[in-house]
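Me: Hi! Could you walk me through this one? I'd like the ground rules first.

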Amino acid sequence: MERYFQPEIECASRDQLKRWQSERLVKQVRRVWENVPYYRKKMEAQGVTPEDIQSVDDLTMLPFLSKADLREAYPYGLLGAPRKDCVRIHSTSGTTGKRVVAFYTRHDIDLWEDCCARALMAAGATDEDVVQVSYGYGLFTGGAGLDGGSHKVGCLTVPTSSGNTDRQIMFIRDLGATVLCCTPSYAAYLGERMKELGLGPEDIPLKAGIFGAEAWSEEMRRDIERTLGIKAFDIYGLTELSGPGVSFECSEQRGMHINEDHFIPEIIDPDTGEALPEGAEGELVITAVDKEAFPMIRYRTRDICSLTYEKCPCGRTHVRMTKPKGRSDDMLIIRGVNVFPSQIETVLLNQGFAANYQILVDRVNNTDTFEILVEMTPEMFTDSIGKIQELQKNLSAGLQSMLGIRPKVTLVAPKTIARSEGKAVRVVDKRKI
Amino acid sequence: MSIKQVSVFLENRPGKLFELTKLLAEHGIDMRALSIAEATDFGIARIIVNDADRCALALREGQFIAQFSDVLAFAVPDEPGGLHNLLSEFNAARVNIEYMYAFLSGEKGRAYMIFRVTDTAQAEKTLAERGLQSLDLEEIGRI
């Protein structure tokens, strides 16, 4: 049975949704015009005034915001509410440049937690469940978002945060945790550690997991589902747009429902900025229509995906987005070829390796070098050099057929690649371009 | 009787072998024989130790990846043709050798060889039929 946190919103008619979006967008644009000089200047430069925006159909008249704008306006330049009304900040890890600092009013936290509560209930959680939140707490949005959502559903919430893996496993077993929330790489790591301790899926009560904040593949999903004995759900979000819960998977797991009463999605051509039709793959752009403190309008997420408005058998009417192929931030261009880390992960898991890898890119004599460090696993190890070299060769060949270029594969000792209590360091790009 | 060899995955980086010997020293594990096979970016340390079970625990604690395999140990007279005579028995018994390494003993006039063969049980049997008994751990311990 499908469960909803706010059925009247999650299953509202498309007409009703559009009315909400239009109403809120008109108000939002007016508020931003009045409170955010940075964005007002952008609007003026484009010759748009709040009067031009009458409904959601006028959305495309508005200028985009990008990560570059966030950097330029750092830290307070995009504040949409008086500072005294702001009650919290969260911040990105800053792996792709300068940190993003996002602000929240009480209202913003409330709507964010609603979104996370919807995700939890879509994964089957009720007030009978024990939810272990192993996302990092603190500046990172993962811990706070799912924690708040879990409270709203009425679950018993175990705020372990990340790290101390043996204690995580102890809590799951002792307290009977049924739902786990963390990054997919940490879920995989928990599974590995359980194996080391001689524990299998039957030894833990978990039934579902909500994993996000990192790109992960279908193969990794199956791998986690097998080792933890759960159904794994994807959740999507960005700090700029509250955090996790912009969209989430329902039991159908055919794309993630975007919480459209709060977030209006568009797909654009990342090069020209032009809107693309339904089903086309392009960059996801989101307008947050009722966030007060950090009101992102037409924010370019750099995530590549597509949308479908087709009715979902789960009963929700909100549009679904495909799993982002990779953040365009994550995409590497190596010897002219686009490489997404998620593709590498797919090949690794298909060939029996764990998804513990690091991509090293450098430039020597004007040629890109491309190396992938892969952690050796006990299952793959034998005492024969020849057999291990064969594994290496197969891996290299598999990667070549997936990516179009051949990386050097280097096997490293287990647990040598920095990870993953928060986010794994997947890419080290030393090129100075 | 075959004996247990411990194979340990080693990254080809300074300090990696040192970490392994340190771990074994700290756990009081005595190595009887050691051989290192190397590829470009990694190596495998193959060791015969006095206590394989304890060694396994220590390696797990040190987060090394290790594997056990059965190998055969033979004494070889330290004289011209010593190894050749032994191998002619292997040859006659159609035993395929994957790799082998030698180690010395304090005992004069003898060397020892460790053999990793394709089918250990079968090799043991056919060699025994030819009157060749491989050494067990205890016998190696006395060397």
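Reply: Two strands pair if DSSP finds at least two bridges between them, and helices (H or I, at least four residues) and strands (E, at least two) are DSSP runs numbered from the N terminus. This is a predicted model, where local features need pLDDT of at least 70, side-chain atom pairs count only at pLDDT 80 or more, and totals for chains, interfaces and linings use all residues. Residues are numbered from 1 along each chain as its sequence is written, while chains are lettered from A and ligands numbered from 1 in the order in which they are written.

Me: Thanks! Which residue stands opposite Phe9(B)?
Reply: That's Ile44(B), in β3(B). Strand β1 (residues 3-11) of chain B pairs with strand β3 (residues 42-49) in the antiparallel sense, over six bridges.

Me: And what pairs with β1(B) besides that?
Reply: Strand β4 (residues 66-77) of chain B, in the antiparallel sense over six bridges. There, Lys4(B) stands opposite Asp70(B).

Me: How many of the nine residues in β1(B) are buried?
Reply: Seven, so the strand is mostly covered; buried means 20 or more other C-beta atoms within 10 Å of a residue's own, exposed means 12 or fewer, and partly exposed is in between, with C-beta atoms placed from the backbone.

Me: New topic: is Leu20(B) buried or exposed?
Reply: Leu20(B) is buried, because 21 other C-beta atoms lie within 10 Å. This residue lies in helix α1 (residues 16-26) of chain B.

Me: What does Leu20(B) touch?
Reply: Not counting residues up to four places away in sequence, Leu20(B) touches Val8(B), Leu10(B), Ala45(B) and Phe64(B). Contact here requires C-beta atoms, placed from the backbone, within 7 Å.

Me: Over to chain A, then. At what angle do α9(A) and α10(A) pack?
Reply: Helix α9 (residues 218-228) and helix α10 (residues 341-350) of chain A pack at about 45°, with axes 8 Å apart. Axes are lines fitted to C-alpha atoms, for helices over the stretch in contact, and angles run from 0 to 180 degrees between N-to-C directions.

Me: What do you call that arrangement?
Reply: α9(A) and α10(A) are oblique to each other: under 35 degrees is roughly parallel, over 145 roughly antiparallel, 65 to 115 roughly perpendicular and the rest oblique.

Me: Which residues make the contact?
Reply: Glu219(A), Met220(A) and Asp223(A) of α9(A), with Glu345(A), Thr346(A), Leu349(A) and Asn350(A) of α10(A).

Notes
Contact = placed C-beta atoms within 7 Å.
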